[in-house]
Every structure is written in C-alpha cells, then in structure tokens.
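Thank you all for making the time this morning. I would like to walk you through one model, so please have a look at it first.

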Amino acid sequence: MTRATRAYAQTSPSDRWTPDSIPGQSGRLAVVTGANSGIGYVTARELALRGARVVLACRSQERGQDALERLRAEVPGAWAELRLLDLADLKSVRRFADSWSYGRLDLLVNNAGIAMVPFSRTADGFESQFGVNHLGTFALTGLLMPHLLASPDPRVVTVSSEGQRFARFDMGNLDAERGYRPLFTYIQSKRANLYFATELQRRADAAGVSLRSMAVAPGLTRSNVLTGGANSARGRAYGALMRLLVRSAFRPTPEGAKTSLYAATVPDLPGGSYVVPDGPFQLRGEPVLRSRERAVRDADTAHRLWAISERLTGVVYPMPADVPSRD
C-alpha cells in the first residue's frame, strides 16, 4: 500500500460518513448484483437516488421485479432496470455479459452471495459457496471487463466479510474436495473475494489501466442471506432462530450498506482499498480503510487463486484489450 493510501486511511473518515455524503452520480452507469434485497437493494437505491443509471442484476424474475418496482416508488424518476443473472450458472453469467448493450460500464458492485448453506453444487459442478461467491463473481467481472475499460473512471466493488479474517485458506480444499463445513467454506469464499479484489488492482496497475478495485466488509447486517435461498429449507425452528438472531444482534441494512456505498462513491479513494466498519471486530461502525490485513498483502496466494479461477471458469481477463467505444 502506498504512502498516499496509508495517509488516506489514517484520516478517513474525518467525521461521520452517511449516504448524504455521496456526491451526485448523474451520468454514471452501475450494475449491482443481488440487488433484490438487503445491502444490494440499498446500494442500488442510494445510487439511483443520486442520479446513477442502475441495473439490478438478480437471480429471480419475481423478486427482482418486486425490487425494481419498490425502487421506482421510493425514487420517482429513477433510471433503473432489471436483468437476470444467476452466479451459480456460468452460462447465465455469460448471457448477462453478452447481452450488455450500453457500451461502457462505470461501476460494478459484486454484492450477491450465499452464506452457510447446506452442501450443494452449482450448475457447473462447483461447491455452491465457492462457486457463487467467488467463481461467479470472478467470471462476471472478467466478462464485463471490456465494458469497464471503456469507462473513463471504472470501479469494481466486491463485498467480502469481516469473517474472512478467521479463514484458514486451504488451497487444496477450495471446492470441498476434502469435506464440507458450511461456516469454514463460507469464510474461505469471502477470503477469496478479498484476494480477488486486491489481485485485480495489481493487474490493473501492471497493465496501466485506470480501473480501481475495492473490497468491503459490511459488518453484522440484517438481510435474508441466512434465511433465504437454500437456507429456507432448513425448517421452521432454524428460520425462527435465525430471524430472532438477526433482529437482535445485527444492525439495520442501511448501516451495512455504508461500506459498499463508500467504496463505490468516494471520489479520491485509492484503488486496492479495503473498507470496513471501524468498530470492534469490524462488526459495526463507520467506514474506514484497513491496510493491516494479511490477505491484502498476500500477493502469492492471490496470484495462485487467480490462475485456478481462470482454469475453472474459462474466463481470462482482457487487460489491456480492445474495448467498446465510450458513450
């Protein structure tokens, strides 16, 4: 991390940062994955409220359409649309990227993910948490890279987790080849998100392109990630317990979205930043940059994971590359 980045981390934020601090986003084109609920929805709404054109990338047509209608009701006149994207299916990821019709893309918020689900595999045969949280995100970003590089100031924000600090990153068990433990696999996939974001910045810097890649941890935040999707089949007792836990111990969703919005909109934020809550154990608090993170500095593991991800997804990043003309 450069001296300038360290200085920024020491002085930011100088006061309480809120979404009201977001500068105007008019003319900016953004994709937010998993935008039908939780942090993703709040991120999309706040961007739209400040004039950004926002694409809600969602797995479910029904839930995505409900979110789109809710956003348009909350932000009258918002430019927003729904496009289907299932990170558990690389064919869906390719369809989303192939159908991109706007030339450039200014901001990609890799928010969608799953957490501590029963064992299952994606459409391509990968363990679901590793496949969705990391491989799907890796493939989507790479396939959209020509459009990102067509922007004058492209930015990628990838949502990791404060829990990644406790991951014992096992390169030989990324896909649950040697047994499956839901919590271990989840925090390992979130460590992979952080490795991905920092390695993407290294590669952008080496290629001399202006792209900025950020990672964030939201802290304990109310969402349906522990109760929806595959977790909805765990039974009534599990659902009731999780809902009680989320209501009592987790903070409101808009608070958890702060780090994503901070990373997506602070104008002079350095590429490679990792934005976390400033409270104890990164569980709650205000957005702040954190540089003393082992995964941020572990370029060797990040490089190895990148090579594995290219092989598994078949996606090789075009950087630098011929890109669509800016519009």
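Predicted model: local features only at pLDDT ≥ 70, side-chain atom pairs only at ≥ 80, totals over all residues.

Residues are numbered from 1 along each chain as its sequence is written, and side-chain values use heavy atoms, with hydrogens and water left out.

As for confidence, pLDDT (the predictor's confidence in each residue, from 0 to 100) has a mean of 87 over the protein chain, and 82% of the residues reach 70 or more.

Returning to Ser 151, is this residue buried or exposed? Ser 151 is buried, at a relative accessible area of 1%, where buried means under 20%, exposed over 50% and partly exposed in between, with a 1.4 Å probe and protein chains only. Its side chain makes a polar contact with the side chain of Asp 106, at 2.6 Å; such a contact is a pair of N or O atoms within 3.5 Å, of which, within protein, one must be able to donate a hydrogen and the other to accept it, and residues adjacent in sequence count only if both atoms are side-chain atoms.

Helix α5 itself holds Asn 133, which is likewise buried, with a relative accessible area of 1%, and whose side chain reaches the backbone nitrogen of Ile 114 at 2.9 Å.

Note on methods:
Helix = DSSP H or I, 4+ residues; strand = E, 2+ residues; numbered from the N terminus.
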